[in-house]
Amino acid sequence: LAEHDAARSFAECRGVGGAFYEVTFIDETTGTRYRLGICLPLRCEAATVAWWLRLSMPGFIAGFRMQERGFEFEELAERGEVNLQWLVAGVAKAGTTSVADWLAAHPRLHLLEERSNAYR
């Protein structure tokens, strides 16, 4: 999805009382990795989403079989919903990992557990 389409889908989902999730999974037949943004009820279990994908995806992709491993399910938030007070940004070999590790040792600071390497 283009960024504006994703933002619109997110707003529509919240407007109907849902939660917007990113779901990542792999087609066992082809090895293709998929990432979908989907609107689901607020309290939706990962096992339910996996069941739904196994049931519905063959209707879109002939012969689809979802791998058990590689399935990820995460609720997404809009930038305005995140209480971001600071961030560590840098370029390769600039020491940002060391700075982040040093900050993470502080008892009153909370860092994201998964660090992004999206711009490698």
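1. Contact range first: of the contacts between residues at least 6 apart in sequence, 49% join residues at least 24 apart. Keep in mind that this is a predicted model.

2. On the overall layout, I see three helices and three strands. Read from the N terminus, the order is α-β-β-α-β-α. The protein has 120 residues, and buried ones make up 22% of them.

3. Now the inside. The largest nonpolar core has 13 residues, and the members touching the most others are Val23, Phe25, Val49 and Leu53. Strand S1 (19-26), strand S2 (33-40) and helix H2 (46-56) are the elements that each give two or more residues to this core. S1 supplies the largest share, four residues. As background, nonpolar side chains in soluble globular proteins tend to be buried together.

4. Setting aside residues up to four places away in sequence, Val49 touches Val23, Ile38, Leu40, Cys44, Phe71 and Phe73.

5. Asp27 is buried but has no salt bridge, and the nearest side chain of opposite charge, that of Arg65, is 7.2 Å away.

6. What does the side chain of Asp27 have within reach at the backbone of Arg65? A polar atom of the Asp27 side chain lies 3.4 Å from the backbone nitrogen of Arg65. Beyond its neighbours within four places in sequence, Asp27 is in contact with Thr32, Tyr34, Ile61, Gly63, Phe64 and Arg65.

7. Last, the cysteines. Searching the whole structure turns up one disulfide. That link is formed by Cys13 and Cys39, with the sulfur atoms 2.1 Å apart. The link is right-handed, at 85 degrees about the S-S bond. Because Cys13 sits in helix H1 (residues 3-15) and Cys39 in strand S2, the pair ties together parts that are 26 residues apart in sequence.

Notes: Residues numbered from 1 in each chain as written. Predicted model: local features only at pLDDT ≥ 70, side-chain atom pairs only at ≥ 80, totals over all residues. Heavy atoms only, no water. Core = buried A, V, L, I, M, F, W, Y, C linked by side-chain atoms within 4.5 Å. Buried < 20%, exposed > 50% of the residue type's maximum accessible area, 1.4 Å probe, protein only. Contact = heavy atoms within 4.5 Å. Lys, Arg positive; Asp, Glu negative; His and termini not counted. Salt bridge = Lys/Arg side-chain N within 4 Å of Asp/Glu carboxyl O. Polar contact = N/O pair within 3.5 Å; in protein donor to acceptor, adjacent residues only side chain to side chain. Disulfide = S-S within 2.5 Å.
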